[in-house]
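Me: I would like to learn how to read a few features of a protein model. Please take them one at a time.

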Amino acid sequence: MALNNASQTLVNESLDRQVSFLQTWKPQALSSEATTFPAEMYTSSKVYQLEKERIFGKTWYYVGHSSQLQGPNSYFTVEIAEQPLVILQNQVGELRGFFNICTHRAGPVALGSGKCNRLTCLYHAWSFDLEGNLRGIPDMETALDFDLASHALTTVKVDTWGPFIFANLDPNCRPLAEQLGELPEMFKRYRLSEWARIHSVDYWTNTNWKLYVENNTENYHEPSVHPILAKYYQKIKADARHYYYLQYTPYLTDSDGINSSPKTGINIEGLNEYEMDGVSTMSFFPNFAWILGPNVAIIYLIDPQGVARTRVRWDWLVPNTEAAKSPENLDPLIEFFDNIQQEDLKLLPEIQKRIQSFGYRPGRLSPTREVGTHLFQELIVQHIKG
Ligand code: FES
Ligand SMILES: [Fe+2]
């Protein structure tokens with residue numbers, strides 16, 4: 001990424017040395033020794049800075065859904081992990097990403113979302129074309145040797161998996177496909193590009209972002225935090241490998257709950273029996289996740305906004321049919337899953353508070369129920385250590 005010069009490397013190395021856990025860390029076997037992180041991993045501004053640089057500065061992370069763009073000349077802005085970006089489609093509809101930082105004195109070149117032929121800075125109105133080149137500089141005629149080319153916006157890599165847009169701040173990064181591994185093949189029958197985004201909501205929590213991710217990569221807490229899910233607990237299948245956690249919860253045939261098998265006519269067509277008969281939960285390192293059934297998908301964007309502050313965006317997708325978009329299908333689903341989210345968000349700040357206490361010490365992980373938490377913890381340290 002842009003910070004990755006010699007002086008920044010020195011700063012990072014010295015940050016490393018200040019975090020004692022990172023100096024002594026070794027991979028831990030889940031069955032015999034793996035524990036949760038020590039407190040400093042959730043409370044230290046140094047760790048958070050390293051995560052911003054080495055996880056969100058080096059890996060592909062989720063920035064938004066393609067329906068946030070409206071074709072050529074459209075854009076949206078995001079500030080995930082506190083990095084202001086503008087994502088856009090250029091004049092021929094190709095995807096582009098830039099730091100949303102004017103090369104004059106750091107003004108924003110776009111706000112919110114919309115359509116434009118140029119990105120015009122809100123501060124002194126320098127304007128940039130949709131390839132990031134500086135084109136307009138009011139009242140700069142007397143500036144000697146002004147080099148337009150060296151004042152282009154800083155480019156950010158962008159790529160897609162179906163309708164999902166990912167960014168990578170590292171110009172030398174490996175392709176998104178490598179990080180995705182088997183995921184596109186595994187979920188191709190859902191044809192998620194054809195689904196409609198019909199509802200979005202932002203949740204905020206006074207929690208380190210990793211606590212939210214860890215909670216999302218295990219099913220151990222489900223029966224106690226979400227009593228409505230308790231009846232599914234023994235049926236869950238879970239796996240964690242490469243950059244992802246996978247969980248499958250089959251519908252119960254004798255259940256009259258909202259999570260029981262959806263009615264015909266609202267499902268995406270072409271799924272196999274296994275996909276028709278249950279809900280897949282997936283988390284993709286570092287900040288993307290979903291709950292995916294045949295008639296509904298909740299897409300998670302997990303956005304660190306401070307050591308103990310996290311935004312979680314939920315985008316709701318349904319098959320693009322009137323029946324699937326109808327309130328009869330949607331309203332009970334929104335109520336059901338929002339309740340589950342609220343149960344998690346009620347508990348997580350309590351965990352953050354206790355980790356910040358003098359009384360906290362790491363505890364052992366469940367070898368069967370916390371496989372995803374273990375994988376994500378290992379990935380986090382591997383990336384921070386580089
Ligand atoms: S900061 Fe953008 S034009 Fe001055
Ligand atoms: Fe939960």
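Reply: This is a predicted model. Start with Ala 125, which has 14 other C-beta atoms within 10 Å and is therefore partly exposed. The cut-offs explain the label, because a residue is buried at 20 or more such neighbours and exposed at 12 or fewer.

Me: Where does Ala 125 lie?

Reply: Ala 125 sits in the loop between E6 and E7.

Me: What phi does Ala 125 have?

Reply: Most residues other than glycine have a negative phi. Ala 125 is not a glycine, yet its phi is positive, about 70 degrees.

Me: What about the phi of Arg 191?

Reply: Arg 191 has a positive phi of about 45 degrees and is not a glycine either. Arg 191 belongs to the loop between helix H6 (183–186) and strand E11 (195–205). Arg 191 counts as partly exposed because it has 14 C-beta neighbours inside 10 Å.

Me: Which two residues does a cis peptide bond join?

Reply: Most peptide bonds are trans. In this model, the bond between Phe 285 and Pro 286 is cis, with omega about 0 degrees. Pro 286 is placed in the loop between strand E14 (278–284) and strand E15 (288–292).

Me: How do I read the sheet of E6, E7 and E8: in what order do the strands run?

Reply: Strands of a sheet pair through backbone hydrogen bonds, either parallel or antiparallel. Here three strands make an open sheet, ordered E6-E7-E8, with antiparallel pairing. Strand E6 (119–120) and strand E8 (134–136) are at the edges with a single partner strand each, so one side of each has no neighbour in the sheet.

Me: How many bridges link E7 and E8?

Reply: Strand E7 (residues 127–128) pairs with E8 over two bridges, in the antiparallel sense. To see a bridge partner, look at Phe 128, whose partner in E8 is Leu 134.

Me: Now the whole chain. Into which domains is the protein divided?

Reply: There is a domain 1 (61–172) and a domain 2 (183–385). Taken over C-alpha atoms, the centres of domain 1 and domain 2 are 31 Å apart.

Me: How many residues of each domain are in contact with the other?

Reply: Ten residues of domain 1 are in contact with 13 residues of domain 2. On the side of domain 1 that touches domain 2, strand E1 (residues 61–65) gives the most, with three residues. By class, this side of domain 1 has six nonpolar, three polar and one charged residues.

Technical notes. Residues numbered from 1 in each chain as written. Chains lettered and ligands numbered in written order. Predicted model: local features only at pLDDT ≥ 70, side-chain atom pairs only at ≥ 80, totals over all residues. Pairing = 2+ DSSP bridges. Helix = DSSP H or I, 4+ residues; strand = E, 2+ residues; numbered from the N terminus. Domains from an automatic or database assignment. Contact = placed C-beta atoms within 7 Å. Nonpolar A, V, L, I, M, F, W, Y, C, P; charged D, E, K, R; others polar.
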